Amino acid sequence: MGRAFEYRKATKLKRWGHMAKTFTKIGKQIAIAVKAGGPEPENNPALRAIIANAKRENMPKDNIERAIKNAMGKDQSDYKEVNYEGYGPHGIAIFVETLTDNTTRTVGDVRSVFNKFNGNLGTQGSLSFLFDHKSVFTFKKKDGLDMDEMILDLIDYGVEDEYDEDEEENSITIYADPSSFSAVQKHLEENGFEVTGAEFTRIPNDLKEVTAEERETIDKMVEKLEDFDDVQTVYTNMKPEEVAE
C-alpha cells in the first residue's frame, strides 16, 4: 500500500485546490451528512469524520458551525452524489466525483472540459474497474501500539493488512472496504484513537507513464474540472511525478 500512500500524498493539493474552494466542497459534504444523520456530531459518525477532515484542512470553527446551521435551513438545497468517468488526453482515465443540486448544469460543465481537451466522457461505471474504492482512516499513533495486533482486531471490518506510517506526523493510515466505513470509525473511536482524517478515496490500480508535456496538458484539464464548485475530487491513473521511476 506504499504506492497508494505516495499517490495520495502527491495528488492531495491538486485534489483540493485553493482554500476557498476547499471550504465550499467541505460545506457541501457537511450539508449531506447533517441531512442524513442530524446536526449533532456526537450522534452523527459521518459528520464527525467530515469535521475531522475540515480541521485537517484548517477550516475555521466558525465556518464549520455555519455550514451545519445552513444545512438545517428549510431552503437548503439537496445535493446528490454523481460521478462522471471518461478518458482525457493521451488515454489517461479521468474519474470525477461531484456533489450537485443541478445535474444538468454539472454534466454540461464536465462535458465541456472533456470536449475542450479532446477527451471522451463515458457512461457511469465504465471506468470504475480502473480504480480501487477505499475508505481511508488516519489516526494518531499511541505509545506501544502493536499494529499487527490492531490489524487482527480490525480484519473482520474489512481493513487491509498493509498500512502507512508517517513518522513526522506520528500517525497511521489504514485502508478498508467502503462498506466498513462506519464500523471502522466506531472501533477506532471506542478504543480511544484520535482520528485526524476519515474519507473515501479512489486509488488507480494501473498507473500510466506520461511525458512532461503530456502531464502538463492533463494537469490543465484536471484544474479546469476542479474550478467547478460542484466537483469534489478528480482522480486519474497518471503516475505522479513523486512516484515516477
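Which residue just after H7 takes a positive phi? Gly-192 does, with a phi of about 75°. The structure is a predicted model.

**Helix H7: the buried side**

- Helix H7 covers residues 181-190.
- Its buried residues are Phe-181, Val-184, Gln-185, His-187 and Leu-188.
- These residues sit on the same side of H7, because they cover an arc of only 160° around the axis.
- Helices are among the elements that cover the buried residues of H7, including H3 (45-56) and H6 (147-154).
- Strands take part in this cover as well: E4 (131-140), E5 (159-166), E6 (171-176) and E7 (195-204).

**Helix H7: the other face**

- One face of H7 is turned away from the buried side.
- That face carries Lys-186 and Glu-190, which are exposed.

**Helices H5 and H8: geometry**

- Two packed helices are described by an angle and a distance, both taken between their axes.
- Helix H5 spans residues 103-116, and helix H8 spans residues 212-226.
- They pack at an angle of about 165°, and their axes lie 10 Å apart.
- H5 is therefore roughly antiparallel to H8, since angles over 145 degrees count as such.
- The crossing of the two helices is right-handed.

**Helices H5 and H8: contact**

- H5 contributes Val-110, Val-113, Phe-114 and Lys-116 to the contact.
- H8 contributes Met-221, Lys-224 and Leu-225.
- Of the residues in this contact, 5 are nonpolar, 2 are charged and none is polar.

Technical notes. Residues are numbered from 1 along each chain as its sequence is written. This is a predicted model: local features need pLDDT of at least 70, side-chain atom pairs count only at pLDDT 80 or more; totals for chains, interfaces and linings use all residues. Side-chain values use heavy atoms; hydrogens and water are left out. Buried means under 20% relative accessible area, exposed over 50%, partly exposed in between (1.4 Å probe, protein chains only). Helices (H or I, at least four residues) and strands (E, at least two) are DSSP runs, numbered from the N terminus. The arc is that of the directions from the helix axis to the C-beta atoms. Contact means heavy atoms within 4.5 Å. Axes are lines fitted to C-alpha atoms, for helices over the stretch in contact, and angles run from 0 to 180 degrees between N-to-C directions. Angles under 35 degrees count as roughly parallel, over 145 as roughly antiparallel, 65 to 115 as roughly perpendicular and the rest as oblique. A crossing is left-handed if the near helix is turned anticlockwise from the far one by less than a right angle, and right-handed if clockwise. Ala, Val, Leu, Ile, Met, Phe, Trp, Tyr, Cys and Pro count as nonpolar, Asp, Glu, Lys and Arg as charged, and the others, Gly among them, as polar.
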